[in-house]
Amino acid sequence: MTTSQDTGGYWSGLTVAERGVTAAIAAFVGLLFLGLLTGVLTPTYFLFLVGLSGMYALLSLGLNAQWGYTGLINFSVAAFFGVGAYGAALLSASGSPLAGGFDPIFGLLAALGMAVVLALVIGVPTLRLRADYLAIASLGLAEVVRIVVKNKQDWTNGTAGIRGIPGFFENWPVLSTFPDAMPGLQIHVPAGPVIELGAPFYGMLLNVALVFAFVGVSYAILARAHRSPWGRVLRTIRSDEDLARALGKNTYSFKMQAFVLGSLVMALAGVFYAHLNLYVQPGDLDPITTFYVWVAVILGGSGSTRGAVFGGVVVVTIRQGTRFLNEFAWLPVDVAPLRLLAIGVIIVLVMRFRPEGVLPPQKELIWPGSVDEAATTPDSAVNQSTRGDGDE
């Protein structure tokens with residue numbers, strides 16, 4: 001079979017939504033490269049946007065494990081994000097008021113540990129209750145964490161924030177010297193600017209590699225868990241918790257596991273942000289962060305792992321893309337501050353025309369290759385069905 005036949009077969013196997021998303025991604029990548037070649041985007045800022053998209057993808061994956069898989073309403077995404085960011089900063093930053101100067105790996109472990117403790121503190125008293133109690137408690141938790149960070153001067157430096165956060169690979173062999181060791185390059189674009197690749201570019205490249213590793217590991221774990229028997233129990237709890245309980249499942253335990261797992265992924269996003277921005281402050285924990293992540297999950301499709309990643313990228317695209325709209329002088333209004341309105345309009349349109357989200361979880365619930373196997377061996381599939389019991 002030729003490559004063109006493979007491509008044609010892959011394309012014909014996609015749903016209409018998947019084809020639209022694929023075309024949109026291709027067009028978006030083309031626009032980004034056009035921006036690079038024309039000088040609208042610098043290479044460093046381009047990589048910064050990629051890193052920011054990965055960070056929002058992590059936050060969306062964490063919330064999707066709680067809401068999309070299990071039906072847990074968590075309005076404290078910003079709190080777990082802040083715990084990850086401040087946990088990493090307090091242990092690794094030179095300006096930490098507590099015990100800075102440790103290797104970022106210890107900051108990562110401390111942040112994840114704090115996220116687990118916080119998830120247990122909020123989950124133990126609320127997960128036995130109805131979902132709306134968790135929503136109320138998590139909403140209060142987010143504000144408590146933000147206010148403590150803002151006012152506890154001797155622990156967090158208060159509104160001044162924490163500076164002096166090192167890069168994640170600062171003490172690593174080879175990688176710590178990688179940006180300075182790489183030769184500087186100049187790329188001359190015909191009829192365009194000269195693109196310079198220096199130490200800042202290579203340093204940002206390491207950040208992108210880090211967030212890709214975080215997103216890749218999180219995606220692989222969550223996607224596999226979603227298809228596993230554990231994931232099927234979570235989906236049953238979301239659809240009908242009484243039914244899951246009647247089948248002998250300890251729903252409280254399963255909900256706690258999903259809540260802790262999602263919180264860990266959110267904290268991972270906070271750790272990456274601290275080492276990307278090299279500075280954290282209480283404003284990073286504002287409730288608007290939680291709002292954006294909810295938008296990303298709903299836009300991509302609740303319960304869809306790939307939809308969560310897609311939604312996170314779209315939110316960053318809208319937030320950062322609108323910054324450049326004021327460059328167009330012919331627009332009669334100041335467009336950049338209207339980004340929140342743009343996100344609201346998108347939510348309304350999705351709810352009106354595609355309430356299940358752009359990429360709902362359909363094929364994700366089936367193990368890869370099982371469809372092809374069933375199509376090529378129909379007799380065995382019939383025999384299995386007549387025998388009754390499957391893997392359930």
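Me: Where is Phe 102 found?
Reply: In this predicted model, Phe 102 is found in the loop between helix H4 (77–92) and helix H5 (104–126), where helices (H or I, at least four residues) and strands (E, at least two) are DSSP runs numbered from the N terminus. Residues are numbered from 1 along each chain as its sequence is written, local features need pLDDT of at least 70, and side-chain atom pairs count only at pLDDT 80 or more, while totals for chains, interfaces and linings use all residues. Side-chain values use heavy atoms, with hydrogens and water left out.

Me: Is Phe 102 buried, partly exposed or exposed, and why?
Reply: Phe 102 counts as partly exposed because its relative accessibility is 43%; buried means under 20% relative accessible area, exposed means over 50%, and partly exposed is in between (1.4 Å probe, protein chains only).

Me: Which residues make the nonpolar surface patch with Phe 102?
Reply: Phe 102, Ile 105, Phe 106, Leu 109 and Trp 172 make a nonpolar surface patch of about 470 Å². Patches are made of residues with over 30% relative accessible area and no salt bridge, and like charges are joined within 9 Å, nonpolar side chains (Val, Leu, Ile, Met, Phe, Trp, Tyr) within 5 Å. Accessible areas come from the Shrake-Rupley method with a 1.4 Å probe, and for residues only the protein chains shown count as cover.

Me: Where does Trp 172 lie, and what does Trp 172 touch?
Reply: Trp 172 lies in the loop between helix H7 (153–156) and helix H8 (178–181), and counts as partly exposed at 31% relative accessibility. Leaving aside residues up to four places away in sequence, Trp 172 touches Asp 103 and Ile 105, a contact being heavy atoms within 4.5 Å. Trp 172 and Asp 103 are 69 residues apart in sequence, and their C-alpha atoms are 9.2 Å apart in space.

Me: Zooming out, how many helices and strands are there in the protein?
Reply: The protein has 17 helices and two strands, and buried residues make up 43% of its 392 residues. Its accessible surface comes to about 19700 Å², with 67% of that belonging to carbon and sulfur atoms. Among contacts with a separation of 6 or more, 76% are between residues 24 or more positions apart.

Me: How do helix H9 and helix H14 pack?
Reply: Two packed helices are described by the angle between their axes and the distance between the axes. Helix H9 (residues 199–227) and helix H14 (residues 305–321) pack at an angle of about 145°, and their axes are 9 Å apart; axes are lines fitted to C-alpha atoms, for helices over the stretch in contact, and angles run from 0 to 180 degrees between N-to-C directions.

Me: Which residues meet there, in H9 and in H14?
Reply: On the H9 side there are Tyr 219, Ala 223 and His 226, which meet Thr 305, Arg 306 and Val 309 in H14. The residues of this contact divide into three nonpolar, two polar and one charged, where Ala, Val, Leu, Ile, Met, Phe, Trp, Tyr, Cys and Pro count as nonpolar, Asp, Glu, Lys and Arg as charged, and the others, Gly among them, as polar.

Me: New topic: how many salt bridges does a search of the whole structure find?
Reply: The search finds five salt bridges, a salt bridge being a side-chain nitrogen of Lys or Arg within 4 Å of a carboxyl oxygen of Asp or Glu. One of them joins the side chains of Arg 245 and Glu 241 at 2.9 Å, N to O, and both residues lie in helix H11 (residues 241–246), four residues apart, about one turn of the helix.

Me: What else does Glu 241 form a salt bridge with?
Reply: Glu 241 also forms a salt bridge with Lys 255, where the closest N and O atoms are 3.2 Å apart. Glu 241 lies in helix H11 and Lys 255 in helix H12 (residues 251–277), so the pair ties together parts that are 14 residues apart in sequence. Lys 255 is buried, with a relative accessible area of 6%, whereas Glu 241 counts as partly exposed at 24% relative accessibility.

Me: And Ser 138, buried or exposed?
Reply: Ser 138, in helix H6 (residues 131–151), is buried, with a relative accessible area of 0%. Not counting residues up to four places away in sequence, Ser 138 touches Ile 73, Asn 74, Phe 75, Ser 76 and Ile 122.
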